[in-house]
Amino acid sequence: DDTAGRLASRRRKLEVTADLVYGLGDSLKLVLEGGQWRIAENPLAFYDQSTPRAALRSFLRAYRLERWDVMLRFVPKAYADRMNVELMRAQFAGESKDAMAQLMNRLEANLDATIEEQGPNEALLAHGEGQVIFVREDGRWRLKDLQ
């Protein structure tokens with residue numbers, strides 16, 4: 001009855017939205033205003049860390065773009081003092097390059113797999129025989145362990 005009453009009212013406001021899906025399952029919310037589509041959220045959040053899944057997508061994007069400096073944002077504080085751009089490059093593009101490429105491909109293939117939050121600051125993505133452990137620090141999700 002409530003819904004029927006609102007639909008019959010002359011004072012109703014209809015919001016038309018759409019989701020543009022691109023890249024590694026990323027999406028951008030659009031809203032129709034005045035007959036024109038407008039972006040409804042911040043398009044500059046290119047390396048989002050607001051959820052474990054967003055952090056994984058962002059990490060993979062940084063890896064694919066060889067943005068070793070950006071990948072450092074996903075390192076937990078406990079490891080940050082031992083990691084720098086050159087070590088990140090060596091880890092992902094050095095002697096272990098092929099093994100890392102295979103791992104990144106597996107992670108990309110499992111982007112839509114279930115991520116189990118284990119309390120407010122930890123999450124786990126199990127994929128095949130591997131896993132990703134996430135931790136939240138200062139409101140941002142980081143990748144603690146990649147296997």
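Which members of the largest nonpolar core touch the most other members? Select Leu 56, Met 71, Phe 92, Met 104, Phe 134 and Leu 143 to see them; the core has 27 residues. A nonpolar core here is a set of buried Ala, Val, Leu, Ile, Met, Phe, Trp, Tyr and Cys residues joined through side-chain atoms within 4.5 Å. Buried means under 20% relative accessible area, exposed means over 50%, and partly exposed lies in between (1.4 Å probe, protein chains only).

Before going on, note that this is a predicted model: local features need pLDDT of at least 70, side-chain atom pairs count only at pLDDT 80 or more, and totals for chains, interfaces and linings use all residues. Residues are numbered from 1 along each chain as its sequence is written, and side-chain values use heavy atoms, with hydrogens and water left out.

**Stop 1: the core**

Go back to the core of 27 residues. Now color its suppliers: α2 (52-64), α3 (68-71), α5 (85-93), α6 (97-109), β5 (122-127), β6 (130-137) and β7 (140-146) each give at least two residues. Helix α2 gives the most, with six residues. Helices (H or I, at least four residues) and strands (E, at least two) are DSSP runs, numbered from the N terminus. In soluble globular proteins, nonpolar side chains tend to be buried together.

**Stop 2: Leu 143**

Center on Leu 143. Leaving aside residues up to four places away in sequence, Leu 143 touches Ala 55, Leu 56, Phe 59, Phe 74, Pro 76, Val 132, Ile 133 and Phe 134. Contact means heavy atoms within 4.5 Å.

**Stop 3: salt bridges**

How many salt bridges does a search of the whole structure find? It finds seven. Each is a side-chain nitrogen of Lys or Arg within 4 Å of a carboxyl oxygen of Asp or Glu.

Select Arg 57 and Asp 112. Their side chains meet at 3.6 Å, N to O. Arg 57 sits in helix α2 and Asp 112 in the loop between α6 and β4 (115-117), 55 residues apart. Is Arg 57 buried or exposed? Arg 57 counts as buried, at 13% relative accessibility. Asp 112 counts as exposed, at 68%.

Next, select Arg 64 and Glu 108. This salt bridge is 3.0 Å, N to O. It links helix α2, which holds Arg 64, to helix α6, which holds Glu 108, across 44 residues. Arg 64 is partly exposed, at 37%, and Glu 108 is partly exposed, at 28%.

Finish with Glu 137 and Arg 142. Their side chains form a salt bridge of 3.1 Å, N to O. Glu 137 counts as buried at 19% relative accessibility, and Arg 142 counts as buried at 11%.
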